[in-house]
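I opened this entry to keep a record of what I looked up.

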Amino acid sequence: MSEHHITPLKTYLVIAGALFCLTAVTVWVSYFDFGSFNIIIAMGVATFKATLVALFFMHLLWDDKKNLTMFIMSLMFLGIFITVTLLDTGFRGGVNPEVEYPINKRAAFYDSLPLTDTHGNPVDEHGIDSHEGDEDHH
Amino acid sequence: MAENQKQNYLTHPKGIMSWLLTLDHKRIGLMYLLGGIIFFFLGGLLALGMRLELAAPGNDFMSNETYNNVYTLHGAIMIFLFIIPAIPGALGNMLLPLMLGAKDVAFPRLNLASFYIYTLGALFVVYTIISGGVDTGWTFYTPYSTTSTSNVIPMTMGIFIIGFSSILTGLNFIATIHKMRIPGLTWYKLPLFVWALYGTSLVQITATPVIAITMVLLILERLLGIGIFDPALGGDPVLYQHFFWFYSHPAVYIMILPAFGIISEIIPVHSRKKIWGYKFIAFSTLSIAFIGFLVWGHHMFTSGQSVFSQIVFSFITYFVGIPTGVKIFSWILTMYKGQVSFTPPMLYALSFLFLFTIGGLTGIFLGAVALDIHLHDTYFVVAHFHYVMQGGTIIAFLGGLHHWWPKTMGTMYNQTVASICCLGVFLGFNGTFFPQFLLGLRGMPRRYATYDPQYAELHNYSSFWSGILGLSIFIAIMNLLWSLRKSNKLDPGTNPWGAMTLEWTHTSSPPHPHNFEKDPVLEHGPYDYDKVVVEPTFKK
């Protein structure tokens, strides 16, 4: 068992400074739109900050490595749960293709076709057969 | 000193409070055993009630609503109040410190707390039963569980609470195994039951919080209408199944790994031969514990999860077969050319090998997506998990109980009666559950009180044998209790099977209140039958 580690105050201050800087980075990047990477960047910075806290403030860096192993394992199990569940929700289209590849009913292609109702029967311009939902054909 | 030798944990100290507030792992183990057996009895009665109803096609004995309550309570009680806590809580508590040469577990007060947390959770379950039951099935699937008018909240609260007992026991065992071994008792000299408890504890700590979260989310949705599982509120009902099975599949290994540990103890001792493939068995325990976390989706092949997930889960499911096969073959090879004696514990272990293998092999059917879609929610699944859970875990538990009974209670039961009961359990079990495979293949769905008359013959057969099964287990337990009469005391030095682990060689039967009268010194490994001769001693 490792003896109790005494961290110099300077280390704490440096880490605290780094955390403040990273908070500023989080705020700064929020002004840019990276599309689907927004969440990845935000979570990446947050994860890095959490790692700093765990290693230095929670002393995992100097502690018995079993504690670090336990900590990483718990994160790993959380990771397994979230990623594998996302394998389901992210790929549901395999069962329902219309979910994965939704038909864009406003696509230009549809303008060249005669107007039809939901059953494929032709309707006139003012829509004798038309009912709610048919505006999608235009 | 002579007076000191007469002391044992059962009689010293005396008084009801010395039991209720005890910090002694052996007494806590016995209290868990008592709790477990009470709920086993209750769950068993519910099962017999169901079989009685199913003996004939119509609603002869109970209404559909009552039947829904009965199967839900049977499942929930057997799983959460008996199988999960019974082996680690009763046999694990009783034996772990003895096997390590320790005076107690690492945190004795936490151990007592975990027993009372279990009791508190059990009270919630008892309240659920008294106040009208719950009818969702033991899995509490949404959306029904968020809309059912039965007592879902007290039941799920009970399970939430019992989960903490499980986590604390796991934590305690891990600390004990790391820190409380006597000098020289290195990892590869540990009895395999300890390895099994270690693997189980890891799963208990890492998986159980998820069932707690799941139950809380379910309660939040029911009480406050927060949309987590209800699509109308932006939730996803399949997400519930992900949450539930992320715990409950690893929980299958919380149930079966300690049973593997018991079998790994019984077989070498009663074959008087060194265990074959010690390290293989030890590491197969850990790999089962790990792989168990990656296969939960195989419970959800018809839930509407993505085809991609189905393929991944089905593929990974087959990996579980590798470490499990390693264990089965190692046990068979241990018996090969050994001096196998057909004592009651060994008969249970042999039944286990046979029944668990059937359970495991039918798991291969269910792990295949295409076949599972046909068999899902039929009696085939019911038969499969009873072969694994009852034919596996409960048979191993009964075997372990018979193996360590002389150690823990200091008396020997009638071995002929015990052997006959074991035969009765084996025949009764197969008679009850084998027809259910056929029923399932022919399309009989689970969880119905009535059925088409074409299934009547097999159901009738199953019900008849369930009576034999129930009776055999009842007599087996009565036989154990009957052995407790005073005239039946064994000599404290008794080692009836000639076992080599510390709990047999270094403590009296029943053990001293502080386990060992002097610090035990490790003289040989747990299964060194090729090096040392330990003769069975058995005298009154």
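I began with A:Asp64, which is buried at a relative accessible area of 18%; buried means under 20% relative accessible area, exposed over 50%, and partly exposed in between, with a 1.4 Å probe and protein chains only. A:Asp64 forms a salt bridge with A:Lys66, and the closest N and O atoms are 3.8 Å apart. I took a salt bridge as a side-chain nitrogen of Lys or Arg within 4 Å of a carboxyl oxygen of Asp or Glu. A:Lys66 has a relative accessible area of 40% and is partly exposed.

**Ground rules**

I noted that this is a predicted model, in which local features need pLDDT of at least 70, side-chain atom pairs count only at pLDDT 80 or more, and totals for chains, interfaces and linings use all residues. Residues are numbered from 1 along each chain as its sequence is written, chains are lettered from A and ligands numbered from 1 in the order in which they are written, and side-chain values use heavy atoms, with hydrogens and water left out.

**Chain A as a whole**

I looked up the secondary structure and found 4 helices and 0 strands in chain A. The pattern along the sequence is α-α-α-α. Helices (H or I, at least four residues) and strands (E, at least two) are DSSP runs, numbered from the N terminus. Chain A has 138 residues, and 19% of them count as buried. Its accessible surface is about 10200 Å², with 69% belonging to carbon and sulfur atoms; the areas come from the Shrake-Rupley method with a 1.4 Å probe, and for residues only the protein chains shown count as cover. I also checked the contacts in chain A with a separation of 6 or more: residues 24 or more positions apart account for 44% of them. Contact here means heavy atoms within 4.5 Å.

**Chain A against chain B**

How many residues does each chain put into the contact? I read 15 residues from chain A and 21 residues from chain B. The area buried between the two chains is about 1700 Å², and carbon and sulfur atoms give 79% of that. Buried area is the accessible area (1.4 Å probe) that two parts lose on being put together, summed over both. On the chain A side, A:Phe77, A:Phe81 and A:Asp88 lose the most area to chain B, together 34% of what that side buries. The chain A residues that touch chain B divide into 9 nonpolar, 3 polar and 3 charged. For these classes, Ala, Val, Leu, Ile, Met, Phe, Trp, Tyr, Cys and Pro count as nonpolar, Asp, Glu, Lys and Arg as charged, and the others, Gly among them, as polar.

I counted 0 salt bridges between chain A and chain B. There are 5 residue pairs in polar contact between them, both residues at pLDDT 80 or more. A polar contact is a pair of N or O atoms within 3.5 Å; within protein, one must be able to donate a hydrogen and the other to accept it, and residues adjacent in sequence count only if both atoms are side-chain atoms.

**Salt bridges in chain B**

Over all chains the structure holds 4 salt bridges. One of them joins the side chains of B:Asp24 and B:Lys26 at 3.1 Å, N to O. Both B:Asp24 and B:Lys26 are buried.

B:Asp528 forms a salt bridge with B:Lys274, with the closest N and O atoms 2.9 Å apart. B:Asp528 lies in the segment after α18 (502-505) and B:Lys274 in the loop between α9 (237-271) and α10 (278-291) of chain B, so the pair ties together parts that are 254 residues apart in sequence. B:Asp528 is buried at a relative accessible area of 9%, whereas B:Lys274 is partly exposed at 35%.

**Two loop residues and one helix residue**

I found B:Thr22 in the loop between α2 (16-20) and α3 (25-54) of chain B. B:Thr22 counts as buried at 6% relative accessibility. The B:Thr22 side chain reaches the backbone nitrogen of B:Asp24 at 3.0 Å. Leaving out residues up to four places away in sequence, B:Thr22 touches B:Met17, B:Arg27, B:Ile28, B:Met31 and B:Leu112.

B:Val105 sits in the loop between α4 and α5 (108-130) of chain B and is buried, with a relative accessible area of 2%. With residues up to four places away in sequence not counted, B:Val105 touches residues including B:His25, B:Asn93, B:Phe173 and B:Met180.

Last, I looked up B:Glu65, in helix α4 (residues 64-100) of chain B. B:Glu65 counts as exposed at 55% relative accessibility. Its C-alpha atom is separated by 58 Å from that of B:Glu535, 470 residues apart along the chain.
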